[in-house]
Amino acid sequence: MNSEALKQDNAGRIRAFQGARFLFVVFIYLSHCVSDDMPLAFDYGGDMGVSFFFVLSGFVLSWGYGPQVTRREFALKPFFWSHWVHLYPLHVLLFAAFWLLDSRIGHCYDATQVLSNLLLLQAWIPSSHTLYTLNAVSWFLGDTLFFYIVFPCSYRWLMRKSWKCLAGTFFLLAVIYVAVAIRIPDCMANCTLYANPLARWIDFASGICTYRLYKSVTICHGSVEWMMPKLPLLAKLTHCWRYIVMGRWMLLCDVVALVLLYFLHRQMGWAVRCAALFWLVMPLFILHLALQNGTSSWIIRTLSSRMMVWLGSLSFEFFMVHLLALRLLRHAMGEGAGLSADLFCFFLAFFLALVIAWLLCIAYVKPVSNVINSYLLR
């Protein structure tokens, strides 16, 4: 690799990522749209969305902070707290909201459930008793904060090792993952594999490796020049890999692959399909989004549009509040109203979640973050 290229800070943002964030958070939303008349959840949307965000997290952190880590200018403490203030205050607000709503209907939680959720430790506990309590999606934040902590050491290791070493490491991790997935019952898959931060580090690490591959490629006037890796094996495969990774039409192929994976997802055991199914396709999809950013591809133009970028800026808040919106609308409309009423409820809940997300972003998340950054973290 060209070490000098890695020392230069990346300029600008990849706009297509913002639109893609909202698209995949919608898939997560759809996975939670269930009712008596629609008992089968769209699990594929949730699994795919979570995989996308974990892989993207590795890529985006590498894009924004990787050069600083390389130059040994990266400071973990201010980095972690600057991200923490964006995540945790909203988590506490929604924690309180769900606790009050559940208290009104007489639903109580024990101390383990309350503390693990409040401290974002539920994903570390291999028990379904604590994982999906209160605002059930908050386990995702615990994994994210873990990735923030291990990012610098993960980045240094993954960027320094040879591709052959990395391939062997990921193959070994995949074998261990599948061996564990085969042995555990499906009812334990969520709390041991799907949400566990150590298991999902594979997704995060693949995002860092995707960034490394991205930095090994330069795009000049629509043509691709491959900066030859040091490994002879990869050098021999350069010309074939160029077409696999770089063709403009590959982004459409990624979309087709994700659609086809849906049918494979339905046939696989839950413990395997919840994460491992996306380890190959999702990094390539994110790589192609980055490489084609700014081109005339209709997919890129759609995801980079002003509306999609704005919606993407609300993806975190939407993710955090969508269960609350679903719960409020379903309570207002009542259970067992019929399929058409359920669909209408889900439609309204989507827009309610979007409005609440926008209000929280401008009236709570940003002001609270500014106050904490200004007075507590100076």
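Predicted model: local features only at pLDDT ≥ 70, side-chain atom pairs only at ≥ 80, totals over all residues.

Start with the largest nonpolar core, which has 118 residues. Leu258 and Met282 have the most contacts inside that core. Setting aside residues up to four places away in sequence, methionine 282 touches Phe24, Met48, Ser51, Phe52, Val55 and, again, Leu258.

Leu252, Val255, Val256, Val259, Leu260, Phe263 and Trp298 make a nonpolar surface patch of about 660 Å². Helix H13, residues 250-267, gives the most to this patch, with 6 residues. Take valine 256, found in helix H13: its relative accessible area is 41%, so it counts as partly exposed.

Is aspartate 102 buried or exposed? Its relative accessibility is 5%, so it counts as buried. Leaving out neighbours within four places in sequence, aspartate 102 is in contact with His107, Tyr109, Leu134 and Arg327.

Finally, the aromatics: the whole structure holds 44 aromatic pairs. In one of them, phenylalanine 22 and phenylalanine 318 have ring centres 5.9 Å apart and planes at 65°, so the pair is edge-to-face. Phenylalanine 22 is buried at 6%, and phenylalanine 318 is buried at 0%.

Phenylalanine 147 and phenylalanine 204 have centres 4.7 Å apart and planes at 5°, so that pair is stacked. Here helix H7 supplies phenylalanine 147 and helix H10 supplies phenylalanine 204.

How values were computed: Residues numbered from 1 in each chain as written. Heavy atoms only, no water. Core = buried A, V, L, I, M, F, W, Y, C linked by side-chain atoms within 4.5 Å. Buried < 20%, exposed > 50% of the residue type's maximum accessible area, 1.4 Å probe, protein only. Contact = heavy atoms within 4.5 Å. Patch = residues over 30% accessible without salt bridge, like charges linked within 9 Å, V, L, I, M, F, W, Y side chains within 5 Å. Areas by Shrake-Rupley, 256 points an atom, 1.4 Å probe, with all protein chains shown as cover. Salt bridge = Lys/Arg side-chain N within 4 Å of Asp/Glu carboxyl O. Helix = DSSP H or I, 4+ residues; strand = E, 2+ residues; numbered from the N terminus. Phe/Tyr/Trp six-rings, centres within 6.5 Å; stacked < 30°, edge-to-face > 60°.
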